[in-house]
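Work through the exercises below with the model open. Try each task before you read its solution.

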Amino acid sequence: MNAEGTTERVLRLLALLQRRTSWTATELAAELRVTDRSVRRDVERLRALGYPVHASAGVGGGYRLGTGTRLPPLLLDDDEAIATAVSLRLAAGGTVAGAGEAALRALAKLDQVMPPRLRSEVRAVAGATDTLVGPPTQVDPDVLLTLARACTDAVRVRFTYQNRDEERTVEPVRMVATGRRWYLMAWDLDRDDWRTFRLDRMRRVAATTWRFRPREHPNPVDHVQRSVTGTPYRYLARVRLHAQAQRVRELMPPQVGRVEEERDGWCVLVVGADDPDWLAAQLARLDFEAEVLGPPEVRDAAARLARRLTAMACLADPARPDVAPGPEARAMSRADVENNGAQGVRSGTF
């Protein structure tokens, strides 16, 4: 038998060992239509490739595929490949901590070698499936795969961004998932600077054949967090909180605010919003001793909120008739409340 036939037989042997816990040499020989001696030689070939094939003698003995010190290549039949790819697409949504990135890498490898007929079946299953828990912003899995390969292979990517027909050419470094959205950190060749791009706003994404030498770059997670917490908003507040940084991070999603550690049980929260009054109200909900470091608009909004709350408490306390509500409290009409509520819906909540 030629080398090609031997390789095919060894792969068939591996598939059989993965299918069942234990096989006798006679059973394997019958399945492969070879002699017991050929089975033993093929087993040695698998061991040389790093597959831990264990053998036991006597009645009930045989061959079994064991666990080794490293993970060798696996063989999947059509049904297993489809099930694995669909599961990886779901896991890439980031609902399990640490699983999304690894699932995306595995999916990229699997998708690269999967026959077109199986790839279309995987897309059909994924397209007909919804998940109850997941990021609200949907990203095309093909975009994820294209960018994952481009980051790994260090090749440039072209795409159009947002609603403009503006083509961008970038050198991708890393994708970062916040739990709600996917972002790409890349060197923008047209702007000659590092940029952050939302994947759901990218259209006609295509990897080129132009390879690049990776540049020295900032930490992708820190860079993306600074971009998404500060850039979109009119007001970017810095608030000093009397709380452990880790405790504030537990309450503050990374896509909403950035927490900087300080000494003596204090930290600084950096958070943005378009309405300083709404931002002041949300900061008060954190229930920590706080000092608004800036900007002045947010400090003024915090002062207005304090006066309103004081006036509200005095109106509700019959034991203090001597304190009358100020003009600002009297001016806070039903329309003000409704407007504040609408702002909260638009901006989201902490």
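**Exercise 1.** Which side chains meet in a salt bridge of 3.7 Å, N to O?

Solution. The side chains are R249 and E261. A salt bridge here is a side-chain nitrogen of Lys or Arg within 4 Å of a carboxyl oxygen of Asp or Glu. R249 lies in helix α9 (residues 245–251) and E261 in strand β9 (residues 257–261), so the pair ties together parts that are 12 residues apart in sequence. Helices (H or I, at least four residues) and strands (E, at least two) are DSSP runs, numbered from the N terminus. Last, check exposure. Buried means under 20% relative accessible area, exposed over 50%, and partly exposed in between (1.4 Å probe, protein chains only). R249 is partly exposed at 34%, and E261 is exposed at 58%.

A note on the source: this is a predicted model, where local features need pLDDT of at least 70 and side-chain atom pairs count only at pLDDT 80 or more, while totals for chains, interfaces and linings use all residues. Residues are numbered from 1 along each chain as its sequence is written, and side-chain values use heavy atoms, with hydrogens and water left out.

**Exercise 2.** Describe the salt bridge between D42 and R45.

Solution. Start with the distance: 2.5 Å, N to O. Then find the element. Both residues lie in helix α3 (residues 36–48), three residues apart, about one turn of the helix. Now compare accessibility. D42 is buried at 0%, whereas R45 is partly exposed at 35%. The whole structure holds 13 salt bridges.

**Exercise 3.** Characterise the aromatic pair F159 and F197.

Solution. Apply the rule. Rings of Phe, Tyr and Trp (its six-membered ring) pair if their centres lie within 6.5 Å; planes under 30 degrees apart count as stacked, over 60 as edge-to-face and the rest as tilted. In F159 and F197, the centres are 5.2 Å apart and the planes make 80 degrees, an edge-to-face pair. F159 sits in strand β3 (residues 155–161) and F197 in strand β6 (residues 193–198), so the pair links parts 38 residues apart in sequence. F159 is buried, at 1% relative accessibility. F197 is buried too, at 1%. Now take W187 and W194: they are also edge-to-face, 5.1 Å centre to centre and 80 degrees between the planes. W187 is buried at 12%, and W194 at 13%. Finally, F159, Y161 and F197 form one aromatic cluster.
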